[in-house]
Amino acid sequence: MKKTTQRLSVLKTYKLFIGGQFPRTESGRYYAALDAKGNKVANLCLASRKDCREAIVSARGALGSWSQRAAYNRSQILYRIAEMLETRKDQFLAELQQQGLSRTAALSETTGAIDRLIHYAGWCDKYQALFSTVNPVASSHYNFSVCEPMGVVAIVAPASPLLGLVSVLAPCLAGGNTAVVLANQEKGLCAVSLAEVLHSADVPGGVVNILTGSKEELLPWIAEHRDVNALVYAEKDTATLSSLRTKATGNLKRIIHWPVADWQYENAQSPYLIADLQEIKTTWHPIQQIAGSGASY
Amino acid sequence: MATKSKQKIKPLRLAKAWSYSPAPESASIAQIKDQYELFINGKWQKPKRGAYLDSINPANEKKLYRAAIAESEDVEKAVSAARTAYDKYWKKMPAAERGKYIFRIARLMQEQARELSVMETLDGGKPIRESRDFDIPMACNHFFYYAGWADKLDYAFSNRKAKSLGVAAQITPWNFPLLMAAWKIAPALATGNTIVLKPAETTSLTTLKLASIIEEADLPAGVVNIITGAGPTGSALVRHGGINKIAFTGSTAVGKLIQQETAGTHKKLTLELGGKAANIIFSDAPIDQAVEGVVNGIFFNQGHVCCAGSRLYVQESIAAVFIQKLKDRMATLLVGDPMDKNTDIGAINSAAQLEKINYYIRLGKKEGALHYQSDALLPKKGFYCRPTLFTKVAQSSRLAQEEIFGPVLAILTFRTEDEVIEKANNTPYGLSAGVWTDKGSRIFNMSRRLKAGVVWANSYNLFDPASPFGGYKESGYGREGGWHGLLPYVTF
């Protein structure tokens, strides 16, 4: 028996994040998260089709209140996520390095993610000023077009395990959508830890749901699901993209492709990503034509 | 309209039927110093000539603190600190980092919101309910909102590269001290300018507290400078050759002087001045809701509001009923200690302002308008005015033409839309207007024809950092709030 005075550390169980709770996968399956050398560092849940369905149901349930919140309130919540992430920076640095990133890379992933959240926190109540219009129609009508969130958005997280994930999630949330995220399969640890950050940052349950598991297994199913309004795919694989587009035709799901090579670049952030996940609604309202035709008071 | 105007309506006399137990907010929440210095170049500095001005609590006329009077030497120091900070730090700072500083200010203000509310009420006399639920949260929100614009200016102005102006001189009024400071500072910082701000001499407290919050947020020294003092300080600031921009909120008379003063210079100028807003009630309006809106429109902040709905135009067919309901509602308004959470109408900001209001009340009576005042009990000490209205006011009456800036409502009637548009627009001012009707198409017709910077439909006195505010005509120019609020602080 090894004689030691060193304290034995407690290992963390990485679970799924559905409806504001942390359940294990209903399937009881798992897969191994590996470090750079191929050693196992933790078990991750191998989410099933049923977990996926649960996540979509939660996202749909949360949409009404999330999308109708004041934009300003969403802005505060995104800012709060950044605050939470800043205070847990060390945890993410450690996890990213555990998964094989250098310290420098881990640091720029983490600080980049925090600043990106701040950037999108600012957009929550501003993109409307860019993408909405008052339309000078010829008839006597007040005609205006405003943005509305698409609804439930499925997100296939990009390879950049924290910054990439935050970079696709933030514009989705800023625009009032709810999300079902399929975490990066190989580097899934910080996706689960990000869920803990979201959980403690006033993000209502169900607004973000995070699954770890096999893309190959779950993606086709998500792409076909009729209660998902849009799917964000942020990788370059054209075969996957084309298969997603094919499978999405059932409910004309919007397949949004953001093939960003490097999420560190400043132009990897933009209000056009928010706009990609918005519908435009135009309203016509009559203007009464009484009093002083041509009056120029 | 089916309403019978001769029908006798039973008045609501709640104020008499019920007596409210006092619900005072605690004054000790606010840590007020005996004396405040000037905040220049990140340091609290004594004024060169060592002069100070007492500020009293208008609710009880007791001295609250004294603030430094900045003389031209101090103005010089502040402007040069702002210039150095602009060249050395602020101009060069990455926009996203600039934004993060402003977010910090917003957060620190939110954390100290209760203290700020108490200070605002003690210093200016407005009901604690208003400073707590309106002034302070709205001020925080302005910082939070404009913080987000800092790194997004390339999107705000397509095809143009927005550049900051340099040093902005800002002068704020006494009616919403902290909120007006927020309206001025937040967009100026977000667009990359540095600041010298002078609050009104009767209400400097929350702006000085804001200076210490800015200090706490660790902004580079000199980016924001707060100098206190009265008219001469403002005048020295406006005349200073080292400023690039002037933002002034206050009276139309002073606004005109500033325009004259800056006419031959390159200083960019925006003015948010007086108003004499028409609040227009059509016969199909939801009457009780409209009565509430009119009360809010004229009695909010004792009527010390540039966009106060001080001219009420009621359609003739409902005038009798409407005015009776309005009087009944006025009878329930509690006038008194601003620190009491039940108080609806607090203290008039200063003795001089109370005298101005009383002058107009005497004038109205002399001009032959019918005077009505609630019989609210007033405290013995302090400056107070009962909610007041005048009926049978002529369009040409000074009550209907001049800004009173107090709880005095002038009521006029109209028959047709043509008539009311003509009357409502017959004023040199053009800050805001209210329209009350059940008919949407009429709202848009009215809002198209009213010459005012803000039109509130079936509502009044609504504000949001995302929504631009500012006037037509002699109510000034430039907008504060929203995307438009960035424009006064940039050049292309």
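Select Leu231 of chain A, which stands opposite Ile255(A) in strand E9(A). This is a predicted model, in which local features need pLDDT of at least 70 and side-chain atom pairs count only at pLDDT 80 or more, while totals for chains, interfaces and linings use all residues. Residues are numbered from 1 along each chain as its sequence is written, and chains are lettered from A and ligands numbered from 1 in the order in which they are written.

Next, colour residues 230-233 of chain A, which form strand E8. Strand E8(A) and E9(A) pair in the parallel sense over four bridges. Strands here are DSSP runs of E with at least two residues, helices are runs of H or I with at least four, and both are numbered from the N terminus. Two strands pair if DSSP finds at least two bridges between them.

Now widen the selection to the rest of the sheet. It is an open sheet of five strands in chain A, in the order E7-E6-E5-E8-E9, with parallel pairing. At its edges are strand E7 (208-211) and strand E9 (254-257) of chain A, each pairing on one side only. From one strand to the next the twist averages 20°, using axes that are lines fitted to C-alpha atoms (for helices over the stretch in contact) and angles from 0 to 180 degrees between N-to-C directions.

Move to chain B and show it as a cartoon. Chain B has 16 helices and 20 strands. Its radius of gyration is 23 Å, close to the 23 Å that the globule rule gives for 492 residues, so chain B is as compact as a globular protein of that length. The radius is taken over C-alpha atoms, and the rule is 2.2 Å times the number of residues to the power 0.38. Along the principal axes, the C-alpha atoms of chain B fill a box of roughly 70 × 55 × 35 Å.

Colour chain B by domain: domain 1 is 27-273 + 472-491 and domain 2 is 275-457, with bounds from an automatic or database domain assignment. The C-alpha centres of these two domains of chain B lie 30 Å apart.

Finally, select the boundary. In chain B, 22 residues of domain 1 are in contact with 26 residues of domain 2, contact meaning that C-beta atoms, placed from the backbone, lie within 7 Å. On the domain 1 side, helix H4 (113-124) and helix H5 (128-149) of chain B each supply at least two residues. H5(B) gives the most to that side, with three residues.

Notes: Two residues are in contact if their C-beta atoms, placed from the backbone, lie within 7 Å.
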